[in-house]
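Student: I would like to go through this model term by term and ask what each label rests on.
Tutor: Go ahead; each answer will set the value against its definition.

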Amino acid sequence: MTKPTQHPAWHALQKLHEKNKDVTLAALFAQEPARAQRMTVTACGLEADFSRSTITPDVMESLLALAKAQGVETLREKMMTGEKINVTEGRAVLHTALRAQGDAPIMVDGSDVMPVIRALQVKMENFTVAVRDGAWLGATGQKITDVVNIGIGGSDLGPRFVVSALRAQASGPRVHFVANVDAFDLLNVVENLNPATTLFVVVSKTFTTQETLLNATSARAWLVSALGEAAVARHFVAVSTNQQAAAFFGIKADNMFALWDWVGGRYSLWSAVGLSIALAVGWPAFKDLLAGAAAMDTHFRTAPLASNMPVLFGLTGLWNRNFCGAEAEAILPYSERLRELPRFLQQLNMESNGKSVTRGGEAVDYQTGPVIFGECGSVGQHSFHQWLHQGTGRVAAEFIGVRHDDRNRPDHALILHAHMMAQVEALKSGRVADDPARTNAGNKPATVLWLERLDPYHLGALVALYEHKVFVQGSLWDINSFDQFGVELGKALASEILAKA
Ligand code: F6P
């Protein structure tokens, strides 16, 4: 792999941008009324309209040529077959294996990972069923009513997002999340809980993360002060690759759920990191989540590039970022249940593609991952959308709607969808008024995604779509999307500061 700027396709894109820079979205739609239909792709119950960026057929041809030249397909195959594509850490990247539907072997270091995944899933299922049915009881013999997930980053944001998106379907214990080392986060959760009916799930891939360990220690003290030391075994379980450190913390071997170094934190909700999801919605729903993601994996792996949703999503983002100057992507879910999506995507995208050296260690001379921010519609309309419409920055907006939402009322859904499509239209066409202060320039790029329904299957497909979009872009930029060394310096400095405190 080489820098994308070294390929003729990149230069062709620069020339096309120069040539077409005055062509507006409104003009492209006027020239071709069926543009949206032509540029809409469907897969796994998701629909994505990529027509609202200034991508003409010759631009698309060059973008696809760039994807070929950058070896997106080869790298995709390497990822899905367990090659160590996380080059800086010498690790495979196998979140797709966690949701694989068959038992076809996937080899890492000469051994098949599928049997260990299946064994872990049996353990997760048994535990989930036992807690939800009341076979697993707290130390005083009471049923678990509340689960507290203690973790941060990838050990928090994925489960937090999925649990909040599926809360309406949740039938098990209430699930809470504690991430911040500010004790208010933990105290605010436990002040309303009964220790006798509370289960803590401590999630830390490394089991060395200071914030999580301190929160877990304080939670343990809260439990022990009410129920005594012996209660810990019935009220604490851990998810980690570091079983030794979890044992040192006092977690019994039976209460540990394994994780492997080939699962990146921000790609880990499909593993035992998703235990709190399974506890909230039940094992069959968790399996549907995996099935939806697996369906998107199959689509990503087999669909031709020109009709491949994650590939087109990644290429559209690259066009807007590298050629049209969009420095940010706004994630705008028009669904209250997808409220946590922007936060989840912030880590997924910015920790993965916030890089400035290539996979070979050379400094890049082009932009990589954009700023990700967002808010639920229509709430965000009354906050930062003004900036989207009339600010001086350039942002690519991503709208996400739910076509048939059985948790919304038809009269509310009508208005919600009208607001979403109004924003989409305003960004595209704008409106010229006599008064410049009242003029919306329009011609702002957007992508519109629709989920057929908001259930575990479609949610799984949505998350996998975004994971693969990030992967496609990392491949195009020739960066390693799977390490995060940038955050280490802050951790080291915090330790130095603490040592002097
Ligand atoms: O500091 C960043 C990070 O390493 C993330 O990548 C990760 O998701 C988070 O910290 C939590 O790490 P752990 O699961 O090991 O506690």
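Student: What is the area buried between domain 1 and domain 2, and which share do carbon and sulfur atoms give?
Tutor: About 2,000 Å² is buried between domain 1 and domain 2, and carbon and sulfur atoms give 62% of that area. Buried area means the accessible area, taken with a 1.4 Å probe, that two parts lose on being put together, summed over both. Arg337, Phe344 and Gln347 supply 27% of the area that domain 1 buries against domain 2, more than any other three residues.

Student: What should I know about the origin of the values?
Tutor: The model is predicted, with local features needing pLDDT of at least 70 and side-chain atom pairs pLDDT 80 or more, while totals for chains, interfaces and linings use all residues. Numbering starts from 1 along each chain as its sequence is written, and side-chain values use heavy atoms, without hydrogens and water.

Student: What makes these two parts domains, and where do they lie in the chain?
Tutor: The bounds come from an automatic or database domain assignment. Domain 1 covers 4–69 + 303–487, and domain 2 covers 96–285. Their centres, taken over C-alpha atoms, are 33 Å apart.

Student: How many residues of each domain are in contact?
Tutor: With contact defined as heavy atoms within 4.5 Å, 26 residues of domain 1 are in contact with 19 residues of domain 2.

Student: Why is the pair Glu467 and Arg99 called a salt bridge?
Tutor: The term requires a side-chain nitrogen of Lys or Arg within 4 Å of a carboxyl oxygen of Asp or Glu. The N to O distance between the side chains of Glu467 and Arg99 is 2.8 Å, so the pair meets the definition. Two salt bridges are counted between domain 1 and domain 2.

Student: Which helices supply at least two residues each to the side of domain 1 that touches domain 2?
Tutor: They are α16 (341–353) and α19 (456–477); helices here are DSSP runs of H or I with at least four residues, strands are E runs of at least two, and both are numbered from the N terminus. The largest share, eight residues, comes from α19.

Student: What does the pair Arg91 and Asp261 tie together?
Tutor: The closest N and O atoms of Arg91 and Asp261 are 4.0 Å apart, and the pair forms a salt bridge. Arg91 lies in the loop between α5 (72–80) and α6 (95–98), and Asp261 in the loop between β9 (256–258) and α13 (275–281), so the pair ties together parts that are 170 residues apart in sequence.

Student: Which feature marks the peptide bond from Gly377 to Ser378?
Tutor: That bond is cis, with omega near 5°, and Ser378 lies in the loop between β11 (371–374) and α17 (385–390).
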